[in-house]
Amino acid sequence: MGKKKQKVVLPPDLPPEISEDEIEISDEDLEFVKENRDYAGFVSRLDTQSITKHVTRVADVKEGALEAIYEKRLQKKSVVKENEESGVKLDPVDALPVKTLDGKLYYRALPKKVNGEDENKAGEDEKDDGADKGIVKLTKPERRAKLKKIKKEAKKQGKELTETKEAEQAPQAAVLAEVKKDLTAEEAFESKKHKLAELGIALLADPESNIKSLKEMLQIARDDNPSIAKLGFLSLLAVFKDIIPGYRIRLPTEKELEMKVSKDVKKMRFHESTLLSTYKGYLQKLIASEKQFAFHQVVVRCICNLLDSVPHFNCRESLLEVVVRNLASHDDVVRKLCYTTIKSLFTNEGKHGGEATVEAVRLIAYHVKANNCQLHPDFVEVLMSLSFDEDLRRAEVQDRDNKAKHKKNKIKNVKEPSKLQENDRKKSKKELMAKTREEVSADYKSVSLAPDVMEKIKMQSETISAVFETYFRILKHTMISTAASSESNANSTASASEAHPLLAPCLNGLGKFSHLVDLDYIGDLMNYLKKLAGGGSSQDNSSQKCSENLTVSERLRCCIVAFKVMRNNLDALNVDLQDFFVQLYNLVLEYRPGRDQGEVLVEALKIMLCDDRQHDMQKAAAFVKRLATFSLSIGSAESMAALVTLKNLLQKNVKCRNLLENDAGGGSVSGSIAIYQPYATDPNLSGALASVLWELNLLSKHYHPAISTMASGISNMNTAQNQIYHTLSPQQAFMEFSLERESFNPKGDIRKSNNKRKRANESSILAGIDSTSDTSNSINEDEVSKKLSKHFTVLHNIKENERLRGELDRVTLSLNLYEEYKKQKKAGRTKIKKNKI
């Protein structure tokens, strides 16, 4: 192996030589040296030559190598000086060096000024130097000023260099800053996520010991990052649902705090106070974030879950306010969530004892009043979930009787002990035992969470009053608004569902709770319903105007509610419902499939015609004729329901079967009116007994086999010997033959009846539809297509007629407005002329 080349390590450079005049010595240093002369005497005896030799010498190195190295150093220094001739080099003692990216050190240099002033100054200095013939010695203040000036210029130059470097590195720094920011945000999100999980698990494991962790979780939920805040909300929701006790927390008063208590009581108080304060802060944060779009659904979900899980706990009023307000939200998810929560409150009253129900119903009534009845229908539809205990009054009476009996027995037992004999002691013991049992049961009842019967009755009465207050307010508002709109614009085409969104659920609720209406208000209720339904034979024009602004379904609902109220209070009422029959008679022809609700019409037919007692012969015949006419121009489901109602009326009113006769002058029983008037508005004045049900002949050829079978059966009712009453209700017929279930293949029982009829009449068009023979494939398609085309052309003509009528109404309205504009213009001109005169 070759010898390694010895590496020469040179000693560090000595500091530059500075003249003694330029060295500044402070006064403090002079005082210190004067005080310590004895210790500083060795400095004067130092051998400087030996020291310099020792520093410049390197061990085991030849003097030639050292000289070569020193020569190289001198050459480098000379090159640096030549490069820096254009600038003024700072003294290394006065300024710190700057280290470049390559690791080299250099001292800052000031650029040399070439101004005239500097040259003059330089010339003057040279002159002064020549005059003085040597170096001029500056005083200490002048030297200090000069050094300060040099340092300031060096700092300015350093700032300029740093600014240029920062400008060059600005784009890269911005990108790096963004990357670092994203990394730190992800790390913070993960750390806070794990922190929430740890705190939640600890709280669920031991809530009393780790109750302080709730505040940390709440602090995390208040983070500016929406994702972290949502996680905090949901985590706190799960924790609160688990650790909230089954009672309402009451904080101790000042007197109770002053009392001495045990450690367990102190611990329990601290636990309850911390839980309650954190719960309030959580609710405040939720309510504050509820208005923000990013948190809206999460916040409402948390509030609904809390109200559904712990409705007995503190701050229930704040939760109810948010949930009830969002029942009218435009967001379907939020609205349905609030609807199910309120419905759960109404159905599960055991969690809160009925108090939350009363508060919720009051809030609903307040919002209906504040928003002038312009809310979503779910706002009132949720009241249909309420249930009222009708046996509370009986329990109240029984409770009073038991109390009176107990009081009498107590008085009797007080008087009798003096008269008791020794033989009756056993009997008195039994009575005492029974008495103690009664007292214990009474104490247990008072301590239990179940409310008293009187409290239940009070809450139930408040709930009922708030519900009917809401319903009556909606009816009154509908009356006023429809009257005002009809007066301002008689030809308004606005739909009533937009103007009165709460009317339909209000009428449904009145129909359900009509048995709870106070008898003092039933008269007013019936008047409202009569005006909204149309007024009937009333001569008041305002009622007719009101009916024009309501849909057919809403007017039919008014008739249904009136009949339900009458039947539920039959013993206390004596109301004439003739006006509602008149409205039903007129509304049957105004019904349009697709626009109006068929379920409401079918319910009205069932309640008013099928379930009612024996009708007047003229009225029953008028409805039979009207329903037969109605069945010709509507869908199969409504037609089937009308035929079922028609058959029911003919079965109840035997004399009306004369309409099935085919005499030349009409039926055999014409009644007081000899001519049938189809456009009469009153069924008693229509003279329907003088007509014939020729519509059944057309309906027997209907394209739907079930309707044709029903029409044929009704037309043969008079000649049949054994009549079987039809048990199918109009509502069942409508559901079976609705558009969703409609089919050209009838059910089994109808098929059998069709086969019997088709065997007797081989020329029937539908003979091959239900036949099981070999001729099932030989259907006359041409005749079926003709029937279908005729049916749909009639429907098309009806729709075209409606469209033309709408256009005509709009044209007349524009002409009327134009005429009013002309009149106003003429009136304005006449006024101007009068003023000029």
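Q: Helices here are DSSP runs of H or I, at least four residues long, numbered from the N terminus. Where is Thr-274, then?
A: Thr-274 sits in helix H10. Keep in mind that this is a predicted model.

Q: Is Thr-274 buried or exposed?
A: Thr-274 is buried, because its relative accessibility is 5% and the cut-off for buried is under 20%.

Q: And what is Thr-274 in contact with, leaving aside neighbours within four places in sequence?
A: With those neighbours set aside, Thr-274 makes contact with Ile-211 and Lys-215.

Q: Back up a bit. How many helices and strands does the chain have?
A: The chain has 32 helices and four strands.

Q: What share of the residues is buried?
A: Of 837 residues, 33% count as buried.

Q: Among contacts between residues at least 6 apart in sequence, what percentage join residues at least 24 apart?
A: For the chain, that figure is 74%.

Q: Let's look at H12. Which of its residues are buried?
A: Helix H12 covers residues 316–325, and its buried residues are Arg-316, Leu-319, Leu-320, Val-322, Val-323 and Val-324.

Q: What covers them?
A: The cover includes helices H10 (263–289), H11 (296–309), H13 (332–347), H14 (355–370) and H15 (378–381). H10 is the helix that holds Thr-274.

Q: What about the loop between H11 and H12, which residue has its place there?
A: Cys-315 is in that loop. Its phi is positive, about 60°, although Cys-315 is not a glycine.

Q: Why does Cys-315 count as buried?
A: Because the relative accessible area of Cys-315 is 19%, and buried means under 20%.

Q: Which other non-glycine residue has a positive phi, near 55°?
A: Asn-372 has that phi value. Asn-372 belongs to the loop between H14 and H15. At 47% relative accessibility, Asn-372 is classed as partly exposed.

Q: New topic: charge. Which residues gather in a patch of positive charge on the surface?
A: The patch is made up of Arg-144, Lys-148, Lys-151, Lys-152, Lys-155, Lys-156 and Lys-159.

Q: Where is Lys-155?
A: Lys-155 is in helix H5, which runs over residues 140–168.

Q: Why does Lys-155 count as exposed?
A: Because its relative accessibility is 60%, and exposed means over 50%.

Q: Now Leu-529. Which helix does it lie in?
A: Leu-529 is part of helix H21, residues 519–533. With a relative accessible area of 0%, Leu-529 is buried.

Q: Which residues is Leu-529 in contact with, leaving aside neighbours within four places in sequence?
A: Leu-507, Cys-558, Val-561, Ala-562 and Phe-580 are in contact with Leu-529 on that basis.

Q: How far apart in space are Leu-529 and Met-479?
A: Their C-alpha atoms are 9.8 Å apart, while the two residues are 50 residues apart in sequence.

Q: One more pair: how far apart are Ile-798 and Ser-633 in sequence and in space?
A: Ile-798 and Ser-633 are separated by 165 residues in sequence and by 9.0 Å in space, C-alpha to C-alpha.

Q: And where is Ile-798?
A: Ile-798 is in helix H32, residues 781–836. Ile-798 counts as partly exposed, with 29% relative accessibility.

Terms used
Residues are numbered from 1 along each chain as its sequence is written. This is a predicted model: local features need pLDDT of at least 70, side-chain atom pairs count only at pLDDT 80 or more; totals for chains, interfaces and linings use all residues. Side-chain values use heavy atoms; hydrogens and water are left out. Buried means under 20% relative accessible area, exposed over 50%, partly exposed in between (1.4 Å probe, protein chains only). Helices (H or I, at least four residues) and strands (E, at least two) are DSSP runs, numbered from the N terminus. Contact means heavy atoms within 4.5 Å. Patches are made of residues with over 30% relative accessible area and no salt bridge: like charges are joined within 9 Å, nonpolar side chains (Val, Leu, Ile, Met, Phe, Trp, Tyr) within 5 Å. Accessible areas come from the Shrake-Rupley method with a 1.4 Å probe; for residues, only the protein chains shown count as cover. A salt bridge is a side-chain nitrogen of Lys or Arg within 4 Å of a carboxyl oxygen of Asp or Glu. Lys and Arg count as positive and Asp and Glu as negative; His and the chain ends are not counted. The place of a charge is taken as NZ of Lys, CZ of Arg, CG of Asp or CD of Glu.
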